[in-house]
Amino acid sequence: MEHPSCILEELKQFVINDAPPTVYYIPDFISEQEETYLQQQVYKSPKPKWTQLSGRRLQNWGGLPHPKGMLAEKIPDWLQKYCEKISSLGAFGGKTANHILVNEYKPGEGIMPHEDGPLYYPTITTISLGSHTLLDFYTPVGSMQGDAPQTEENRFLFSLLVKPRSLLILQDDMYQRLLHGIRPCDQDTLTEKAVNLLAAGTQPGEILTRSTRISLTIRHVPNVMKAKLLLGRK
């Protein structure tokens with residue numbers, strides 16, 4: 001797998017050194033006006049664009065990633081702008097993001113620990129709108145030493161506090177070796193287990209109440225099919 005090492009020098013100041021390789025956390029990546037505009041665009045999207053899941057609902061833009069290749073769809077300008085902005089940081093090794101997942105998490109909603117897998121270039125980038133969350137990281141099942149039961153609690157390693165308007169970039173071990181998830185709760189009490197509190201401008205002991213959060217997860221799918229090919233047209 002290619003090594004995503006083309007991140008621009010100016011991003012190095014945003015590395016979270018207390019996490020495994022590699023986390024970049026950029027507070028205030030977008031302005032409050034941009035945040036409001038993006039929230040408006042998400043909620044203006046046609047109703048069929050939403051998919052309801054058990055813990056959240058989402059929109060998929062750019063196509064459906066598939067092992068045989070993603071049939072690419074045009075990304076609307078309001079999202080394309082951020083695909084280009086993040087790609088210009090070198091997040092995808094010189095390639096441009098071509099897929100966005102928009103997730104809506106209401107207070108008390110979360111997502112089970114999971115990995116994003118091999119369909120994507122090995123980098124996740126996420127812009128958060130509307131609310132903070134705590135993103136929790138876990139060792140995969142079966143990777144623990146000894147006889148300890150493989151519970152979620154035992155496999156939990158640390159968290160990242162993700163605030164509204166921030167950009168989070170995960171690469172290397174953070175992408176390929178660890179699982180990430182969001183606990184379904186209404187409030188978060190910050191502890192030392194959140195390894196980027198200083199970068200996020202908070203401190204242990206603070207209690208943060210969640211409101212509705214929209215996450216824009218912006219990625220690059222390397223394997224793309226052209227529609228013309230699929231339809232057999234010249």
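Mentor: Leucine 101 faces threonine 217, a residue of strand 14. This is a predicted model, in which local features need pLDDT of at least 70, side-chain atom pairs count only at pLDDT 80 or more, and totals for chains, interfaces and linings use all residues. Residues are numbered from 1 along each chain as its sequence is written, and side-chain values use heavy atoms, with hydrogens and water left out.

Trainee: What makes strand 5 and strand 14 a pair?

Mentor: Pairing takes at least two bridges found by DSSP. Strand 5 (residues 99-105) has 7 bridges to strand 14, and the two run antiparallel. Strands here are DSSP runs of E, at least two residues long; helices are runs of H or I, at least four; both are numbered from the N terminus.

Trainee: How do you know that strand 7 pairs with strand 14?

Mentor: Count the bridges. Strand 7 (residues 123-129) makes 5 with strand 14, again in the antiparallel sense. Leucine 129 stands opposite isoleucine 214 there.

Trainee: Why is strand 14 called mostly covered?

Mentor: Buried means under 20% relative accessible area, exposed over 50%, and partly exposed in between (1.4 Å probe, protein chains only). In strand 14 (residues 213-219), 7 of 7 residues are buried. Both faces are covered: Arg213, Ser215, Thr217 and Arg219 on one side, Ile214, Leu216 and Ile218 on the other. In a regular strand, side chains alternate between the two faces of the sheet.

Trainee: How do you know which residues of helix 1 share a side?

Mentor: Its buried residues are Glu34, Glu35, Leu38, Gln41 and Val42. They span an arc of only 130° around the axis, which puts them on the same side of helix 1. The arc is taken from the directions from the helix axis to the C-beta atoms. Glu32, Gln33 and Lys44, on the other side, are exposed.

Trainee: What covers the buried residues of helix 1?

Mentor: Contact means heavy atoms within 4.5 Å. The covering elements include strand 2 (50-52), strand 3, helix 2, strand 5, strand 7 and strand 14.

Trainee: How do you know that the span of helix 1 agrees with its number of residues?

Mentor: The expected span is 1.5 Å times one less than the number of residues. For the 13 residues of helix 1 that gives 18 Å, and the end C-alpha atoms are 18 Å apart, so the values agree.

Trainee: What about helix 2, and which of its residues are buried?

Mentor: In helix 2 (residues 77-87), they are Trp78, Leu79, Tyr82, Cys83, Ile86 and Ser87. Their arc is only 165°, which places them on the same side of helix 2. Among the elements covering them are helix 1 (32-44), strand 10 (167-171) and strand 14.

Trainee: What makes arginine 165 and glutamate 35 a salt bridge?

Mentor: The rule asks for a side-chain nitrogen of Lys or Arg within 4 Å of a carboxyl oxygen of Asp or Glu. Arginine 165 and glutamate 35 meet at 2.8 Å, N to O, and count as a salt bridge. Arginine 165 lies in the loop between strand 9 and strand 10, and glutamate 35 in helix 1, so the pair ties together parts 130 residues apart in sequence. Asp28 joins Glu35 and Arg165 in a network of salt bridges.

Trainee: Why is glutamate 35 called buried?

Mentor: Its relative accessibility is 8%, so glutamate 35 counts as buried.

Trainee: And why does lysine 12 count as partly exposed?

Mentor: Lysine 12 has 40% relative accessibility, so it falls in the partly exposed class. Lysine 12 also bridges to glutamate 9, with the closest N and O atoms 2.9 Å apart. Glutamate 9, at 60%, counts as exposed.
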